[in-house]
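Hi,

Here is the structure I promised to pass on. Have a look at it first, and then read my notes below.

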Amino acid sequence: MSHINPNFAEEIKKFGAKDFHLCFNCGNCTAICALSTKDESFPREMVRYSTLGLEEDIKSSLKPWMCYYCGECSTDCPRQAHPGELMMSLRRWLTAKYDWTGLSGLLYKHLSAYIIGFLLVIVGLLVFAGNLDYNQELIMHYGHYFEMFAIAGVFAVILLPNIVRMWLYTIINPKVKAPIKIYFKAFSELIVHMFTQKRFLGCEKTRENSIKWFEHFMLVISYLSLLFTTVFLDWFGSQNLFVIWLGYIESAIIFIVTFHFVLKRIQKTEALHKFSQPSDWFFVIWLLLMGITAFMVRLFIDIHLLENNFWFYLFHLTVLVQWAIIIVPFGKWTHFLYRSFAMYFVRIQELNNQIKK
Amino acid sequence: MKQRIGVYICHCGGNISDYVDVEQLGKLMEKEDGVIISKDVMFACSDANQKDMINDINEKQLDAIVVASCSPKLHTHTFRGVAERAGINPYNYAQVNVREQCSWAHSDKPMDATIKAYGLIRAGIGRVSHSEALESIEITTQKAVAVIGAGVSGMRAAIDLARMGSHVYLIEKESKVGGKIANTGKLFMTGENGSEVIERLNQRIKQLSNITVFTNANLGKVSGSIGNFFIDVNVGEELLKFNVGSVLVTTGFDFYQPQEGEYGYKLSENVITLQDFNKLIESSNGKLVHNGKPVKSVAYIYCVGNRQSKGDNKYCSRQCCTAAVHSSLRVHEKFEGVKAFHIHRDIRTYGKQELLYQESSRKGDIYIKFEEKEPPVVELKDSKPTIRVKDYLTSKKELTLDADLVVLVTGMVARADSSEISSKLKIPVGSDKFFNEIHPKLKPVETVIKGVYIGGACQGPKNITESVQSALSGASKINAVLRKGSIALEPIVARVNADACAWCNKCAEVCEYDAVKPIESNGKMIAEVNISTCTGCGICAPVCPTNAIEIAQYTDNEIESMIDGFMSKGEIEARELEHSAKVEAGKVGMKEYPEIWNHIIRAINGSSLTIPEIAAKTGIESNLITWHLMTMNRYSVVEPVGLNDEESYYKYKLKK
């Protein structure tokens with residue numbers, strides 16, 4: 001038995017939901033969704049849960065992550081209840097629920113928190129650079145180390161515990177008692193979805209135009225490989241021509257794709273770009289900035305301009321730190337992990353059900 | 001006995017003659033007693049034939065006519081008109097149905113259809129040979145109307161009746177006019193208060209000198225009939241008597257009163273009806289407070305006392321969904337932060353009222369759907385009611401919710417005193433106890449009692465708009481009856497043979513229209529039929545032990561001669577079937593068409609043509625083309641494909 005919470009609508013609206021309570025349960029959204037199936041049907045059910053404020057049911061559901069937001073449901077909703085945007089908001093809300101620090105929720109709900117965070121990073125970096133007497137070599141050296149520690153630290157302290165919490169909410173609390181071997185059996189699902197976003201290809205819009213998927217796929221691959229190139233191959237310090245060119249190509253792909261993404265959010269021609277939350281803007285803009293500044297830094301190195309334009313490296317480092325300690329652990333970056341883990345957990349549930357039968 | 005009868009048997013362009021051998025019947029009827037002329041005609045109802053009939057009547061000095069064609073429903077008045085124009089009494093004419101009852105019903109047995117038609121036509125001849133001339137009954141009517149019930153419907157109808165020139169007696173049981181609307185707050189869609197609407201009507205009524213309003217008035221005895229009703233009205237101690245031409249009943253409805261314990265009603269002061277809640281909304285200011293406690297959440301339970309599959313009230317009251325949603329919006333308009341739960345079975349905010357539902361959803365009202373077999377349960381253990389409900393919009397998930405106030409959205413029921421009104425005015429009531437009209441679509445405000453009309457919610461659940469509409473429709477029907485000062489009624493009524501009648505009361509007992517009353521005549525009591533109330537239904541004639549009652553046009557002589565006529569078989573020869581009849585009977589393939597069909601088919605040949613075009617192309621008279629084309633259409637040889645460019649003729653093409 002679940003208790004109705006009429007105040008939930010207000011809460012979820014803070015995460016970007018629009019007039020979802022206009023829904024009169026016709027089910028058009030579910031009928032039109034290319035990803036919704038008989039067993040895993042959405043988004044109507046999620047709209048209904050949100051209207052009634054059944055938080056526990058939403059928290060234990062993986063369905064918000066199973067939606068890739070093509071926006072068809074919002075386009076075809078006869079009541080303009082924007083089910084697609086609700087699913088998006090539920091993903092933000094779930095991100096906040098999974099996050100043990102509570103900072104995600106704070107950032108999603110308050111733009112001011114983001115701005116304060118960004119400003120603190122700037123001040124911190126200036127103080128840090130000042131302490132090092134603006135020594136270019138030292139700062140670049142620490143900058144390189146920062147990347148390594150940031151990745152390890154954020155993953156160990158924030159992301160890993162949050163994924164464990166997601167697992168608790170969606171597998172343990174709903175009493176999905178899956179034997180260990182199922183976890184191994186389903187593991188390939190995690191890897192496939194993490195690196196290919198295969199499910200995105202099932203969306204109606206992507207089926208019509210698979211460039212959409214390809215763009216996103218290229219962005220993910222370029223982002224991950226640029227991370228590898230800078231951290232482990234020391235792109236900014238490398239003399240290896242292959243590494244240098246690899247970094248150029250990766251960063252160029254990142255800023256070209258994200259430039260297109262920013263453009264689409266400005267143009268708002270598709271339903272999914274109609275409502276952009278600060279977290280969406282920060283995510284694409286910071287990726288764009290990272291791509292472009294990394295590209296420029298390496299270019300400045302190659303044409304020997306960096307010594308006289310050291311401020312530019314500091315700008316790049318600021319963007320990088322803001323990205324690494326705010327957007328990656330608490331912002332939209334996390335959907336990269338939660339989406340793939342959601343598909344993993346869904347597979348575990350499926351396999352477990354098959355065994356039971 | 002008529003001795004100069006004319007008989008006309010119709011082909012109906014093949015509709016009849018394809019099966020019934022009308023030509024042979026025409027010849028046979030010539031031999032019947034009293035028949036002067038007998039003809040078979042292509043279309044009896046056509047202008048040309050009507051003219052021929054008038055000529056025949058004048059030339060041959062006919063005194064009665066029989067038309068054997070289609071149903072009397074269709075053409076009784078057509079041929080009565082023919083008779084009248086030719087100078088014979090319209091009741092000396094009989095309509096015999098040889099289409100619906102012969103050719104169409106027995107298309108598989110053309111010979112039997114012809115034999116049956118032979119009998120029916122002979123019965124028609126038998127009937128007119130004994131028919132008598134009748135004159136329609138003229139009644140002078142009182143230009144006054146009693147409107148019973150001064151709610152919004154009665155008041156509005158009274159104004160129109162008065163403006164159309166009738167004197168109106170507006171009779172209200174309560175001490176004030178206005179009914180339920182007078183106590184209602186803001187109304188959708190105009191936003192006026194109910195009391196304002198009533199006040200406006202009341203001002204208008206006061207300006208009209210020919211409306212007399214009686215409050216605290218009760219309807220007493222009613223007698224008389226259309227044009228002349230005699231109505232007693234008790235106003236306090238006083239007994240008033242009026243003579244009116246017609247009565248409009250606008251007595252309205254009652255709200256369903258929940259049983260004790262129904263959804264916790266009367267067990268908790270936090271469970272109230274929508275009507276009480278509306279009063280609370282209107283009387284509260286700034287904060288919604290009930291019994292000293294602030295109300296922050298309201299649960300509306302819909303369909304209380306309505307749509308019961310097992311109870312009496314099976315119907316939907318159609319206005320309560322809107323009323324509840326409207327109240328909820330009124331709450332949002334007046335007070336901050338009140339949550340609303342609408343626990344419904346379906347939301348029926350039809351028409352423009354849908355906007356209210358949408359607005360309420362936008363405001364965040366939560367809609368939960370239950371089914372009758374699993375109704376919500378109101379638990380009153382704590383200070384706040386808790387409701388348990390299985391939500392059919394969430395896979396029947398069992399939900400609980402807390403509400404400061406539970407509002408029961410009650411439906412409409414017939415007034416508790418409706419049986420009193422119905423027995424005085426003899427209006428039939430349905431199983432739902434609302435007053436019944438004659439036909440919900442074709443005679444929606446007429447009752448079986450001529451001159452008594454119903455309007456508004458006394459007839460069944462309606463909202464204000466619909467109530468006023470039906471009351472105004474009743475008003476205009478009444479005006480149509482009363483405006484001339486007299487009306488003509490069908491003379492087909494019961495007649496009493498004073499010598500034979502011994503007043504046993506049997507006829508009065510069976511009469512549904514209260515048309516038979518005893519009177520004294522030549523020192524004994526006999527039955528008297530009120531010819532303005534009698535409908536000629538004939539129920540009294542067979543119950544009379546002394547055979548003292550007969551119905552005009554259905555006298556024993558007429559009925560007996562019809563039976564005699566029908567029983568004789570005659571000498572009918574089998575005939576060669578018409579082509580299309582052979583087709584229907586399966587004796588020939590669809591390829592064999594009459595020659596004229598082949599002409600038409602060749603003319604159309606792949607194109608689509610109008611009748612004049614086909615006539616021009618084939619050189620056949622367009623009337624003949626029309627007859628055959630209609631038959632071809634019926635047999636799916638051709639089909640219409642829309643109008644021509646001038647939109648004056650249909651185009652036809654061959655059907656594959």
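**What I found**

Let's start with chain B: strand β12(B) and strand β25 (residues 452-454) of chain B run parallel and are joined by three bridges. Before going further, note that this is a predicted model, where local features need pLDDT of at least 70, side-chain atom pairs count only at pLDDT 80 or more, and totals for chains, interfaces and linings use all residues. Residues are numbered from 1 along each chain as its sequence is written, while chains are lettered from A and ligands numbered from 1 in the order in which they are written.

Two strands pair if DSSP finds at least two bridges between them.

Are the faces of β12(B) covered or open? Both are covered: Ser246(B) and Leu248(B) are buried on one side, Val247(B) and Val249(B) on the other. (Buried means 20 or more other C-beta atoms within 10 Å of the residue's own, exposed means 12 or fewer, and partly exposed is in between; C-beta atoms are placed from the backbone.) In general, side chains in a regular strand alternate between the two faces of the sheet.

Now for chain A. Helix α3 (residues 44-52) of chain A is mostly covered, with nine of its nine residues buried, including Met46(A) and Tyr49(A). Just after α3(A) comes Gly53(A), with a positive phi of about 70°.

Where do the two chains meet? 14 residues of chain A are in contact with 13 residues of chain B (contact means C-beta atoms, placed from the backbone, within 7 Å). On the chain A side, β1 (2-3) and α3 each supply at least two residues, and the largest share, three residues, comes from α3(A). Ser2(A) has Leu399(B) as its bridge partner in β22(B).

Cheers

How values were computed: Helix = DSSP H or I, 4+ residues; strand = E, 2+ residues; numbered from the N terminus. Contact = placed C-beta atoms within 7 Å.
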